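Here is a short report on a residue in a strand and on a group of aromatic rings. Have the model open as you read.

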Amino acid sequence: MTMRDERFTLLIVDDNPNNLFALRALLQRLPHVRVEEATGGEQALSRLLEQSVDLILLDVQMPGMDGFEMARHLKMTSRTREIPIVFITAVYKADEFVRQGYEAGAVDYLTKPIDQNLLLNRIRLYLELYHRERSLQIALTALRQRERDLETANQVLELRVHERTQQLEQQNRLLQQAKNEAEQATRVKGEFLATMSHEIRTPMNVVLGMSEMLLEEELSEKQRRLVTVMHQSGKALLGVINDILDFSRIEAGRIELREEPFSPRRLVEEVVTLLRLTAEQKGLLLEAVLPDDLPGWIVSDEGRLRQILVNLLGNAIKFTDTGRVGIQINREANLPDRLLFCVEDTGIGIAQEQAERIFEQFTQADSGITRRYGGTGLGLSIVRSLVERMGGQIWLQSGIGLGSQFFFTLPVREAAMPVAEKDGVERIKSRSGDQVLRILLAEDVEENQELFEVYLQETPHRYVMVGDGEEAVERIRQEEFDLVIMDVQMPRMDGYTATRLIRQWEQQSGRIPVPIIALSAHAFEGEIQRSREAGCDSYLAKPIRKKTFLSALHQISRREECNQKN
């Protein structure tokens, strides 16, 4: 089959050569029109098998196969069924052939002799229809191609979506695995730190407690100096442990703020009083400058603010050899709901290029400072984390040999003085009238037993020592006690398990619950909640100072005395 000619192809079928010549001459005037000829129906059908035709001018009366028969043949096949047919016949035969021609498939009728203008106008009409149809076909072809392209693109997109989904699922699995591994690592690290905290704090409790007791005795100057060094070294080691634990909590996002009303003036005075002896031992002046318009009471986390101030003032004293260390508090300019703190010193100072790095983890100004002054390099990192966690900012102004100024801001809400403060309610400091307690103390470490015995020897209280939780539960069932001091980590049965068993036995036997103080070398915040869930009334963390231990006993004793009076 020959290639399709894109021009409009017109087939003239007529047995008269003169008519063919005249029609050809006329139709060649039309641009972009190709004219084909056939002298009979059989020849026309043969031509149509070889090439495509867009319009047929078909004479009706021809020898052999006439126009009607040819038209019927054309309508029988799909290839030629849609070709428009214009019949041409003599005038005197028109009426007779019109009905029969239309029934055979004609779309138009022309009579001889043919009006040339009428024929040309009809051909132009079909030519315009042809071009419109071609445009529609082109548009339809383009549309179908676009549909195929869209289908292909959709398939490609679906494939890519599937591949991307698989990648994301794989990434999610890897992320979940990494998350699980990180959580496992965090748990392992937490367990390790908890164990190390317990193992270090337990002997540290003895070192600090015994040295504190020795310092209360009459000692020679040399003995006092040695015991003081031992006591201060123990406190320094305890500070390192606390820094590591705080850093671990901050890194794990487990720092919780406890907002309660407190007096910022009293807090600063207490911190200054706490550190004044250390400053005076170095010949330094430690002072606080507090304005008259400082809020009397604010709502914030007093414990965390105390930790920040102790750290900054402690550093200032550590790195200052002569001169002064001071703290100032003012309302921040144009922001009355924020306080601006400044801790300044006349110490060694910090190079400007180190001013930002000094707040990074495990960082000090240089290695020589670490060797000379010690420290972990975690203190300022913890301070910045706490300040930012409390909604503030911290920055440094300093220079080598020019001293340092640490500024930080904190948002605060002013509060009214608590009722207890207004009424002047204070803890009774005298213990001469305390109720004598019978105490059960469960502690497995012999050195700690000896330390608590020394603490208790200065009180009128009576006590029984046991070495594990099982013994504690058994003694509670056999004897009456006013207080239980329960170490939480002991062999055979830990303190929490023992506490639960005691509370269960008290409930079953209708006993009044005995106060239980949890005693732990774990310093994590979750331990307090864990002790409460087990049934403990309060919590003491090792190392325990003598004053703190006796204060806890005093509170229980006063409570027992009030209960007896009621």
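Thr409 is buried, with a relative accessible area of 1%; buried means under 20% relative accessible area, exposed over 50% and partly exposed in between, using a 1.4 Å probe and protein chains only. Thr409 belongs to strand S12, residues 404-411. Helices (H or I, at least four residues) and strands (E, at least two) are DSSP runs, numbered from the N terminus.

Rings of Phe, Tyr and Trp (its six-membered ring) pair if their centres lie within 6.5 Å; planes under 30 degrees apart count as stacked, over 60 as edge-to-face and the rest as tilted. That rule gives eight aromatic pairs. One of them is Phe68 with Phe87, edge-to-face at 5.4 Å centre to centre and 65° between the planes. Phe68 sits in helix H3 (residues 67-75) and Phe87 in strand S4 (residues 85-90), so this pair ties together parts 19 residues apart in sequence.

Phe87 is buried at 0% relative accessibility. Its ring centre is 5.7 Å from that of Tyr109, with the planes at 40°, so this pair is tilted.

## About the model

This is a predicted model, in which local features need pLDDT of at least 70 and side-chain atom pairs count only at pLDDT 80 or more, while totals for chains, interfaces and linings use all residues. Residues are numbered from 1 along each chain as its sequence is written, and side-chain values use heavy atoms, leaving out hydrogens and water.
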